[in-house]
Amino acid sequence: MKKILHVKIFSLLMLLTSMAWAQERTVSGRVTSADDGSALPGVNVLVKGTAQGTITDSDGAYRISVPAGAGTLSFSFVGFVSQDVEIGNRAVVDVRLATD
């Protein structure tokens, strides 16, 4: 009986630990030109300090899964000034890139 209880407690602790490490959230938004507000398709969006990234779609929209501890998104696009943006508690991060 004690052995079964120990196994159950161990399994529960492993499950809780893995859930704590795997916490991620989704951040989305839209990237536009600071000049005229037009959508920018193909902008690189990276979680700073990781290899996680995506690109914006034809409407300048993106959606990315962000690790719980990540704090900054990096936006880059040819012909525009790259920009790092703090995520904070936001689920939506819209960005306006200036031409280079």
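User: What should I know about the numbering and the atoms before reading any values?

Analyst: Residues are numbered from 1 along each chain as its sequence is written, and side-chain values use heavy atoms, with hydrogens and water left out. The model is predicted, so local features need pLDDT of at least 70 and side-chain atom pairs count only at pLDDT 80 or more, while totals for chains, interfaces and linings use all residues.

User: How many helices and strands does the chain have, and in which pattern?

Analyst: Helices (H or I, at least four residues) and strands (E, at least two) are DSSP runs numbered from the N terminus. Here the secondary structure comes to one helix and seven strands, in the order α-β-β-β-β-β-β-β along the sequence.

User: How is burial read, and what share of the chain is buried?

Analyst: Buried means under 20% relative accessible area, exposed over 50%, and partly exposed in between, with a 1.4 Å probe and protein chains only. Of the 100 residues in the chain, 26% are buried. The chain exposes about 6600 Å², of which carbon and sulfur atoms supply 60%; accessible areas come from the Shrake-Rupley method with a 1.4 Å probe, and for residues only the protein chains shown count as cover.

User: Which residues have the most contacts inside the largest nonpolar core?

Analyst: A nonpolar core is a set of buried Ala, Val, Leu, Ile, Met, Phe, Trp, Tyr and Cys residues joined through side-chain atoms within 4.5 Å. The largest one has 18 residues, and those with the most contacts inside it are Val27, Val31, Tyr62, Val66, Leu73, Phe75 and Leu97. At least two residues of this core come from each of β1, β2 (44–47), β4 (61–67), β5 (72–76) and β7 (95–97). β4 gives the most, with three residues.

User: What does Ser33 touch, and is Ser33 buried or exposed?

Analyst: Contact means heavy atoms within 4.5 Å. Ser33 lies in strand β1 (residues 24–33) and is buried, with a relative accessible area of 4%. Not counting residues up to four places away in sequence, Ser33 touches Ser38, Leu40, Phe80, Arg96 and Leu97. With that same exclusion, the residues that Leu97 touches include Val31, Phe75 and Val81.

User: Which strands pair with β5?

Analyst: Two strands pair if DSSP finds at least two bridges between them. Four bridges join β2 to β5, and these strands run antiparallel; Leu46 stands opposite Ser74 in β5. Four bridges also join β5 to β6 (residues 83–86), again antiparallel, and Ser74 stands opposite Asp84 in β6. β5 and β6 form a hairpin with six residues between them, and Gly79 in the turn has a positive phi of about 90 degrees. Four of the five residues of β5 are buried, so β5 is largely enclosed by the rest of the structure.

User: How many aromatic pairs are there, and how are they classed?

Analyst: A pair of aromatic rings is described by the distance of the centres and the angle of the planes. Rings of Phe, Tyr and Trp (its six-membered ring) pair if their centres lie within 6.5 Å; planes under 30 degrees apart count as stacked, over 60 as edge-to-face and the rest as tilted. The count comes to two aromatic pairs. The rings of Tyr62 and Phe75 have centres 5.6 Å apart and planes at 70 degrees, so this pair is edge-to-face. Tyr62 lies in β4 and Phe75 in β5, so the pair ties together parts that are 13 residues apart in sequence. Phe75 counts as buried at 1% relative accessibility. The rings of Phe77 and Phe80 have centres 5.6 Å apart and planes at 35 degrees, so that pair is tilted.
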